[in-house]
Amino acid sequence: MTARAHGSDILVVGSVAFDSIETPSGSVERALGGSATFASVAASYFASPRVVAVVGEDFGDEHFARLERRGIDTSGIKRVPGGKTFHWKGRYHDNMQDRDTLETRLNVFEGFDPGLSERFRRSSHVFLGNIDPTLQAKVLDEVEDPRFVGVDTMNLWIAEALAGLKEVLRRVDVLFINDEESRQLTGERQVLNAARAIMTLGPKYVVIKRGEYGALLFGAELSLFAPAVLLPRVVDPTGAGDAFAGGFMGFVAGAAEITRSTLARAMRAGSAMASFAVERFSIDGLLELDSSRIGARLDDLESMCSLA
Ligand code: AMP
């Protein structure tokens with residue numbers, strides 16, 4: 001079930017970053033992070049990710065190697081001579097849900113022009129990870145005829161780049177968004193109304209993430225729920241959303257067709273990958289997994305959902 005289905009490629013664009021993070025469990029300085037990083041590592045257990053991003057000269061070969069060891073194609077990550085890698089600094093509150101962004105330095109992302117290779121242009125699945133919607137649109141412009149496109153975003157872009165974000169939403173199959181951002185985007189308080197309002201903007205499906213309370217997927221005649229894996233200890237919630245989306249999109253990329261059951265299983269794949277991400281800092285919890293550890297969490301989630 002979690003074996004990598006070869007040929008199921010997925011193009012991932014987003015940030016590749018250094019993160020400095022404080023949580024009630026500890027802190028890290030300039031650890032490998034970014035939306036494309038978490039999403040591609042999570043997706044790599046189900047499909048073959050290829051990443052489009054930009055980094056600075058301070059991004060060492062060892063970081064590329066960590067991604068490549070997961071079978072991720074890093075040939076689309078440009079290293080800019082003299083440039084600095086995107087840097088994000090955040091601090092979590094005691095509830096491990098809320099966080100304050102202390103600093104966002106786009107650095108090399110400011111002048112980034114994706115420019116996809118021929119091979120990348122023919123990607124069947126695309127995940128537009130959290131980054132400036134203008135860049136998400138540029139990547140989408142270049143992909144020839146994708147079968148399924150997912151997009152993630154955050155409060156910053158809803159507040160500062162709404163028109164660009166709406167342009168992107170018109171062109172995607174699924175939006176991943178958290179509870180609070182769905183209210184910010186639509187002005188609707190009830191989750192059902194927020195999801196319906198988002199579907200009128202373009203996406204066929206909306207996944208609303210609710211942290212430790214799981215995630216919901218809505219479609220035209222469809223609503224699905226996946227619980228979160230209940231963990232005894234959360235070390236760092238950073239990247240949970242990206243890992244969820246990566247697991248979901250990777251699972252869809254590896255599936256022959258999109259049915260209700262595919263989507264339900266993709267939701268559980270997302271939830272399982274998010275749970276691994278939060279157990280350690282950076283991508284450490286997502287590396288070195290295998291199909292039996294992933295399978296055990298998927299089984300737990302499936303049995304939690306069973307009413308029989
Ligand atoms: P998540 O916890 O899933 O929301 O994702 C956290 C990741 O998003 C971190 O690794 C950051 O490097 C990255 N990130 C934070 N702010 C931004 C931003 N404005 N654009 C792109 N990536 C960001």
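How far does a polar side-chain atom of Ser15 lie from a nitrogen atom of the ligand? The separation is 2.8 Å, which falls under the definition of a polar contact as a pair of N or O atoms within 3.5 Å. This is a predicted model, in which local features need pLDDT of at least 70 and side-chain atom pairs count only at pLDDT 80 or more, whereas totals for chains, interfaces and linings use all residues. Residues are numbered from 1 along each chain as its sequence is written, and side-chain values use heavy atoms, with hydrogens and water left out.

**Ligand surroundings**

- A polar side-chain atom of Asp19 lies 2.5 Å from an oxygen atom of the ligand, and a backbone N or O atom of Gly34 lies 2.7 Å from an oxygen atom of the ligand.
- The ligand taken alone exposes 510 Å², of which the protein buries 94% (Shrake-Rupley method, 1.4 Å probe).
- The ligand is surrounded by 21 residues (a heavy atom within 4 Å), the closest being Ser15, Asp19, Gly34, Gly239 and Asp242.
- Helix α9 provides the largest share of this shell, three residues (helices are DSSP runs of H or I, at least four residues, and strands runs of E, at least two, numbered from the N terminus).

**Packing of α9 and α10**

- Helices α9 (residues 240-254) and α10 (residues 260-278) pack at about 145° with axes 7 Å apart (lines fitted to C-alpha atoms over the stretch in contact, angles running from 0 to 180 degrees between N-to-C directions).
- Among the residues making the contact are Phe244, Phe248 and Phe251 of α9 and Leu263, Met267 and Met273 of α10 (heavy atoms within 4.5 Å).

Notes:
Polar contact = N/O pair within 3.5 Å; in protein donor to acceptor, adjacent residues only side chain to side chain.
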